Amino acid sequence: MYAITVSEPGGPDVMSWTEVPDPTPGPGEVLLDVAATAVNRADLLQRRGLYPPPPGASDILGLECSGVINALGAGVDGWQVGDRVVALLAGGGYAEKVAVPAGQLLPVPDGLDLRDAAALPEVACTVWSNLVMECGLHAGQVLLVHGGGGGIGTHAVQVGRALGARVAVTAGTADKLALCAELGADILINYRDDDFVTEVRKATDGRGADIVLDNMGASYLDRNLDVLAPDGQLAIIGMQGGVKGELNIGKMLGKRARVLATGLRGRPDEGPSGKPAVVAAVREKVWPLIEAGQVKPLVHAALPIAEAPTAHRMLDEPDVVGKVVLTVRED
C-alpha cells in the first residue's frame with residue numbers, strides 16, 4: 001500500500017506519498033480501506049518530532065479516518081466486511097489501509113458521506129470525553145471554548161448548545177466569530193481586541209464560566225482561573241501557548257476550582273478511561289445529535305492525500321475554519 005511517510009523531523013516538505021508494507025489486523029482488530037483522514041495539530045507536532053506515537057502504535061501520521069472494512073481479525077463481533085465506518089486512531093490514518101481495534105470504530109452517521117465523516121472521530125471524542133464525561137456539562141451552565149473557529153471549537157460550540165449550555169467563544173477573526181454565532185455561541189470574544197475574562201464576566205453578571213475548554217495551555221492558565229465561576233472546571237486539551245505555567249493555588253481554593261488535562265491518543269485500549277469507553281459514549285450520545293442535524297462536521301477544505309504538505313501549511317493559516325480533510329479514495 002501507499003502512505004504518507006516522514007523522512008526526518010521538519011517542515012511539511014519532509015512528507016511524501018510512498019509505498020510501505022500493508023498492515024494486518026490482529027485479534028480484536030479490523031482492517032480498513034481508508035477513504036479519507038483529517039489533519040490535526042498533533043500531526044503537525046509529530047511531523048516536527050515533538051509528539052511521538054504511543055508504544056505499539058503506527059508511526060504513520062493520522063489520528064482518525066473514514067473507510068470501509070476490508071477484513072476482520074479474530075474475535076471481532078458486531079462488524080462485517082463492507083461496513084462503512086469511521087475510526088479513532090493512535091496513528092496510521094494517512095494511508096490506503098489501517099488496522100484498528102474494533103472498539104474504536106463508529107458507523108458513518110446517516111446522511112454523511114465518507115469525506116465529511118472523516119472529520120468527526122477526533123473532535124467528537126475529545127469534546128465529549130472532556131465536557132461531559134470529565135466535567136459533566138449540562139443545561140444552564142456557561143461554557144467557554146477557546147479557539148472557537150477550529151475543528152474542536154466548532155464541534156464544542158454545537159455540542160454545548162445542543163445540551164442547553166450558554167456558549168462563549170474566543171477567536172481571532174470576525175468571520176470565525178460570525179460562524180460561531182451561527183453554530184449557537186452567544187458570547188463572542190475577539191481575543192486580539194478584548195480580554196476574555198472581562199467579556200465573560202460582563203455577559204454573566206460577574207459570575208464567569210462553569211467550564212473552560214482550553215487549547216492554549218500555559219499562556220492562558222492564570223486568566224482561565226480568573227474567568228472560572230465558583231466550582232468551575234478548566235479542561236486543558238492543548239499546548240499552543242506553552243507547556244509550563246504558574247498555577248495559583250489560592251485562586252483555585254477560593255473558587256473550589258478543578259483543573260484537569262487530558263489527552264486522547266495515549267488512552268488505553270480498555271477500561272473506564274480507555275478509548276472504547278469514550279467511543280461507545282459518543283456513539284450513544286453524539287451520533288443521534290449528528291443524525292438529527294443538531295451537530296455537523298465543518299470541513300474547510302478537502303485535498304488529495306498526496307497534497308498533505310499543503311494541508312499542513314493550511315492548518316496554520318488564520319482563515320481556516322473547522323477541519324482540513326485528506327481524501328485517499330473516492331467515496
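Predicted model: local features only at pLDDT ≥ 70, side-chain atom pairs only at ≥ 80, totals over all residues.

Q: Is the aromatic pair of Phe196 and Tyr220 stacked, tilted or edge-to-face?
A: The ring centres of Phe196 and Tyr220 are 5.2 Å apart, and pairing asks for centres within 6.5 Å. Their planes meet at 40°, while stacked needs under 30 degrees and edge-to-face over 60. So this pair is tilted.

Q: How many residues apart in sequence are the parts that the Phe196 and Tyr220 pair ties together?
A: Phe196 is in helix α6 (residues 196–203). Tyr220 is in the loop between β11 (209–214) and α7 (221–227). The pair therefore ties together parts whose separation in sequence is 24 residues.

Q: How many disulfides does a search of the whole structure find?
A: A disulfide is a covalent bond between the sulfur atoms of two cysteines, and the cut-off here is 2.5 Å. For Cys65, the closest cysteine sulfur is in Cys125, 12 Å off and so too far for a bond. Cys180 isn't in one either, with the nearest cysteine sulfur, in Cys135, 19 Å away. The search of the whole structure comes up with zero.

Q: Is Cys180 buried or exposed?
A: The cut-off for buried is under 20% relative accessible area. Cys180 has a relative accessibility of 0%, so it counts as buried.

Q: Which residue in β9 is the bridge partner of Leu143?
A: Strand β8 (residues 142–145) pairs with β9 in the parallel sense, over four bridges. In β9, Leu143 has as its bridge partner Val167.

Q: What separation do the C-alpha atoms of Leu326 and Ala118 have?
A: Leu326 lies in strand β15 (residues 323–327) and is buried, at a relative accessible area of 0%. Beyond its neighbours within four places in sequence, Leu326 has contacts including Ala36, Tyr94 and Leu303. Ala118 is 208 residues away along the chain, yet the C-alpha separation is 8.8 Å.

Methods:
Residues numbered from 1 in each chain as written. Heavy atoms only, no water. Phe/Tyr/Trp six-rings, centres within 6.5 Å; stacked < 30°, edge-to-face > 60°. Helix = DSSP H or I, 4+ residues; strand = E, 2+ residues; numbered from the N terminus. Buried < 20%, exposed > 50% of the residue type's maximum accessible area, 1.4 Å probe, protein only. Contact = heavy atoms within 4.5 Å. Pairing = 2+ DSSP bridges.
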